[in-house]
Amino acid sequence: MRKVIASIFISVDGVFEDPSWSMPFWNEEAEKFAGEQLLAADALLLGRVTYEGMAPAWTARAEGADAGTERMNAMPKYVATRTLDTPEWNATFLAGDLAAEVAELKREDGGDLLVYGSGQLVNTLLAHGLIDELRLWTLPVVQGKGRKLFGEDSPVTTLRPIGSTTFSSGAQVHAYAPAL
């Protein structure tokens, strides 16, 4: 059985939109952590907006790519969308009952299904009890404005902390699992 792992860069004030502000906190430790996380996954599970941003960025890096880029480009992607109709970047579109389709993916054998960004998808998966671990890459910056990961329409979800990793850059990854 696979696990759904959501891994999201977030500011101290909860903003996750366009995390270009995260780069000053990226270092060798964070790269190693992210690489291990990617190696544990067999596929990505993405929302449409994240997919549309990531696909051209990663495919542009393909020439002369490092192992992480090669893995990212080669692995299957499952994309929650009702508006796109031509999958690219090794993607399969999930356009039906999202909760049922993700539950079916979880029942398959294999490694983790890794979610990057994808706030609406994360909130939907939380509402249906489909996230096994939430990794919040909390960066020591206050954005002041921008789209927040959790808003007024987010499902009430009780989580339990299962670990923390602190990098020398000041970034921290706080891991949570659903409280049972």
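What share of the contacts in the protein chain with a separation of 6 or more comes from residues 24 or more positions apart? In this predicted model, such residues account for 73% of those contacts, a contact being a pair of heavy atoms within 4.5 Å. Because the model is predicted, local features need pLDDT of at least 70 and side-chain atom pairs count only at pLDDT 80 or more, while totals for chains, interfaces and linings use all residues. Residues are numbered from 1 along each chain as its sequence is written, and side-chain values use heavy atoms, with hydrogens and water left out.

The overall picture comes first. The protein chain holds 5 helices and 8 strands, where helices (H or I, at least four residues) and strands (E, at least two) are DSSP runs numbered from the N terminus. Read from the N terminus, the order of the elements is β-α-β-α-α-β-β-α-β-α-β-β-β. A compact globule of 180 residues would have a radius of gyration near 16 Å, and the 16 Å of the protein chain agrees with this; the radius is taken over C-alpha atoms, and the globule rule is 2.2 Å times the number of residues to the power 0.38. Along the principal axes, the C-alpha atoms fill a box of roughly 45 × 40 × 30 Å. The accessible surface comes to about 9,500 Å², with 53% of it belonging to carbon and sulfur atoms; these areas come from the Shrake-Rupley method with a 1.4 Å probe, and for residues only the protein chains shown count as cover. Of the 180 residues, 45% count as buried (buried is under 20% relative accessible area, exposed over 50%, partly exposed in between, with a 1.4 Å probe and protein chains only).

In helix 4 (residues 98-107), the buried residues are Leu 98, Ala 99, Val 102, Ala 103, Leu 105 and Lys 106. Viewed down the axis of helix 4, they fall within an arc of 160°, so they line one face of the helix; the arc is that of the directions from the helix axis to the C-beta atoms. An α-helix has 3.6 residues a turn, so residues three or four places apart point the same way. The partners of the buried residues of helix 4 include strand 1 (4-11), strand 2 (41-47) and helix 5 (119-127). At the N-terminal end, helix 4 is capped by Asp 97, with a side-chain oxygen 3.3 Å from the backbone nitrogen of Ala 99. This is a polar contact, that is, a pair of N or O atoms within 3.5 Å; within protein, one must be able to donate a hydrogen and the other to accept it, and residues adjacent in sequence count only if both atoms are side-chain atoms.

Helix 3 (residues 67-74) buries Thr 69, Met 72 and Asn 73. Seen down its axis, these residues of helix 3 stay within an arc of 95°, so they too line one face. Ala 67 and Ala 74, on the other side of helix 3, are exposed. The buried residues of helix 3 pack against helix 1 (28-40), strand 2, helix 2, strand 3 and strand 5. At the start of helix 3, a side-chain oxygen of Asp 66 comes to within 3.2 Å of the backbone nitrogen of Gly 68.

Met 54 of helix 2 (residues 48-60) counts as buried at 13% relative accessibility. Leaving out residues up to four places away in sequence, Met 54 touches Leu 46, Met 72, Trp 89 and Tyr 116. Trp 89 sits in the loop between strand 3 and strand 4 and is buried, at 9% relative accessibility. Asn 90 belongs to the loop between strand 3 and strand 4 but is partly exposed, with a relative accessible area of 42%. Phi is near 60° in Trp 89, and Asn 90 also has a phi near 60°. Most residues other than glycine have a negative phi.

Ser 118, in the loop between strand 5 and helix 5, counts as buried at 5% relative accessibility. Its side chain reaches the backbone oxygen of Tyr 116 at 2.8 Å. Beyond its neighbours within four places in sequence, Ser 118 is in contact with Phe 16, Leu 46, Gly 47 and Thr 50.

Finally, strand 7 (residues 159-166) and strand 8 (residues 172-178) run antiparallel and are joined by 7 bridges; strands pair if DSSP finds at least two bridges between them. Arg 160 stands opposite Ala 177 in strand 8. The hairpin of strand 7 and strand 8 has 5 residues between the strands, and Gly 170 takes a positive phi near 105° there.
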